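Okay, thanks for coming, everyone.

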Amino acid sequence: QVQLVESGGGLVQAGGSLRLSCAASGRTLSTYAMGWFRQAPGKEREFVAAVTWSRGTTSYAASVKGRFTISRDNAKNTVYLQMNSLKPEDTAVYYCAADRTGNYVIHIQSYTYEYWGRGTQVTVSS
């Protein structure tokens, strides 16, 4: 079983920054892709960014590219999401997820991710 725990969410003014962390249990995640998704009230869950454990390949949603940066520390089994230039539309619950089929290809569909954290709230005020 893989357990994911997000942290780092909070309230920030527009233009500010936050860094989210996702701590993953286990050391058998080397072939996984780790992703960040977000869901705002009344909206569908959407892909934000992902990175593969093995190669460090990254992928970003167009809405966050250039503002957000995903990274991973394999030794710590931790994935980070650095969020800069935050906008009110970034307000959402951010979820960390793991895709065990993402060794070579990063999937952006939420249903391809098997393991999920409980989420951390990010609120951006205007």
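Buried means under 20% relative accessible area, exposed is over 50%, and partly exposed is in between, with a 1.4 Å probe and protein chains only.

Quick housekeeping. This is a predicted model, where local features need pLDDT of at least 70 and side-chain atom pairs count only at pLDDT 80 or more, while totals for chains, interfaces and linings use all residues. Residues are numbered from 1 along each chain as its sequence is written, and side-chain values use heavy atoms, with hydrogens and water left out.

Take Tyr94: leaving out residues up to four places away in sequence, the ones it touches include Leu20, Trp36, Leu81, Met83 and Val122, where contact means heavy atoms within 4.5 Å.

Next, which cysteines does the disulfide join? Cys22 to Cys96, with S to S at 1.9 Å; the cut-off for a disulfide is a pair of cysteine sulfur atoms within 2.5 Å. Cys22 sits in strand β3 and Cys96 in strand β9, 74 residues apart. The S-S torsion is about -80 degrees, so this disulfide is left-handed. Cys22 is buried at 0% relative accessible area, and Cys96 is buried at 0% too.

Now a backbone thing. Most residues other than glycine have a negative phi. Asn77, in the loop between β7 and β8, has phi near 50 degrees, and Asn77 is buried at 12%. Ser85 also has a positive phi, about 50 degrees, but Ser85 is partly exposed at 40%.

Last, the rings. There are six aromatic pairs, meaning Phe, Tyr or Trp rings (six-membered ring for Trp) with centres within 6.5 Å; planes under 30 degrees apart are stacked, over 60 edge-to-face, the rest tilted. Tyr95 and Trp116 have centres 6.3 Å apart and planes at 75 degrees, so they're edge-to-face. Ring pairs link Phe37, Phe47, Tyr95, Tyr113 and Trp116 into a cluster.

That's it from me.

Note on methods. Helices (H or I, at least four residues) and strands (E, at least two) are DSSP runs, numbered from the N terminus.
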